[in-house]
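Subject: Structure handover

Hello,

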Amino acid sequence: MDTVPSSVHPRCAICPHHCVLAPGKLGICGVRGLRGGQVVALSYGQSTGLALDPIEKKPLACFHPGSRILSYGSFGCNMRCPFCQNSGISTARADAPPPAVPLPPEDLVAHALSLKAQGNIGIALTYNEPFVAWEYLMDSARCARRAGLLTAVVTNGYVAREAWEAALPLIDAANIDLKCYTEEGYEALGAPGGLGIVKGSIASAHAAGVHVEVTTLLVPGLSDDEDAFREECAWLAALDPGIPLHITRFFPCHQASDLQPTSIKLMRRFKQIADSHLARVYLGNV
């Protein structure tokens, strides 16, 4: 099992929160804690969801289109989005875990291999934030690589640079959520400095040759400002106008059940803005 070195233990080195972990204490993500004096993912190999999905559902529109991928989810997350669609697992903690099935990396990959005849190309670490179980991500991706399978991640990108860059050589594709385009917005989601960090994750993954697609959920009051969105699209275009951007419709859920769904009119307006900068723009949940 991999561990990211940290100059000061017990301090977690996986995400920008850098939680200091006393014995019996969990990080903000709810799953990282001490075992044998090392900071590890206590959710390692605990599967809360497993499904063979169309690749487009991740969403990855331009990565082996028409194929399928075995999606694995666990629990825990290092952000606190009030509009989370998977809050049942994202907010779960290792000291009160949700129902889960043990699934070591070798078993995950063996199951993925058994599905090749159904069009499966690999594994996708998704549903909750996969990087909070960084060790499992690394072990599974390494095992998949040896088996000739591909690895995709669906992530918020709010990951410490060292942990992120250590994982990139093992990742073939990533859909990265760009939650909003203001630091104030990320602060409200419990991710201080998040805009700069997530932009850095997108840029470094793209530079490393990972197939990158970006998703922005249009949440009222957070990511539905046209000027900020125009800046986002211009930044992505400066990086690479061919990066696919998914503009996704918000529906009320979790702690944001009092908000209205994103209007179709606004979705179309934002697509027009994105189309003026980027070559591949997709609307989701419409």
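The crossing of helix 7 and helix 8 is right-handed; right-handed means that the near helix is turned clockwise from the far one by less than a right angle, and left-handed that it is turned anticlockwise. Helices (H or I, at least four residues) and strands (E, at least two) are DSSP runs, numbered from the N terminus.

The model is predicted: local features need pLDDT of at least 70 and side-chain atom pairs count only at pLDDT 80 or more, while totals for chains, interfaces and linings use all residues. Residues are numbered from 1 along each chain as its sequence is written, and side-chain values use heavy atoms, with hydrogens and water left out.

Helix 7 and helix 8

Helix 7 contributes Glu226, Phe229, Arg230 and Cys233, which meet Arg269, Phe270, Ile273 and Ala274 of helix 8 (contact is heavy atoms within 4.5 Å). By class, this contact has 5 nonpolar, no polar and 3 charged residues. Here Ala, Val, Leu, Ile, Met, Phe, Trp, Tyr, Cys and Pro are nonpolar, Asp, Glu, Lys and Arg charged, and the others, Gly among them, polar.

Salt bridges

The count comes to 12 salt bridges, each a side-chain nitrogen of Lys or Arg within 4 Å of a carboxyl oxygen of Asp or Glu. A network of them links Glu226, Asp227, Arg230 and Arg269. Within helix 7, Asp227 and Arg230 are 3 residues apart, about one turn, and their closest N and O atoms are 3.2 Å apart. Arg230 is partly exposed at 31% relative accessible area; the classes are buried under 20%, exposed over 50% and partly exposed in between (1.4 Å probe, protein chains only).

Arg161 and Glu165 form another salt bridge, with 3.0 Å between the closest N and O atoms. Why are these two about one helical turn apart? Because they are 4 residues apart in helix 4 (residues 161–167). Arg161 is exposed at 64%, and Glu165 is partly exposed at 36%. Lys179 pairs with Asp177 at 3.4 Å, N to O; with 15% relative accessibility, Lys179 counts as buried.

Strand 9 (residues 173–177) runs parallel to strand 10 (residues 211–218), joined by 5 bridges, and Asn175 has Glu213 in strand 10 as its bridge partner.

Strand 7 (residues 120–125) is parallel to strand 8 and joined to it by 4 bridges, with Ala124 opposite Ala152 in strand 8. Of the 6 residues in strand 8 (residues 150–155), 5 are buried, so the strand is largely enclosed by the rest of the structure.

Backbone and loops

Most residues other than glycine have a negative phi, and most peptide bonds are trans. Which residues depart from this here? The Lys58 to Pro59 bond is cis, with omega near 0°, and Pro59 is in the loop between strand 4 (49–54) and strand 5. That loop also holds His64, whose phi is near 50°; His64 is partly exposed at 42%.

Asn285 has a positive phi as well, about 65°, and is located in the segment after strand 12 (281–284). Its relative accessible area is 39%, or partly exposed. Gln85, in the loop between strand 5 (68–73) and helix 1 (87–90), touches Asn285 and Cys253, residues up to four places away in sequence not being counted. Gln85 is exposed at 54%. Its C-alpha atom is 24 Å from that of Cys62, 23 residues away along the chain.

Regards

Terms used. Two strands pair if DSSP finds at least two bridges between them.
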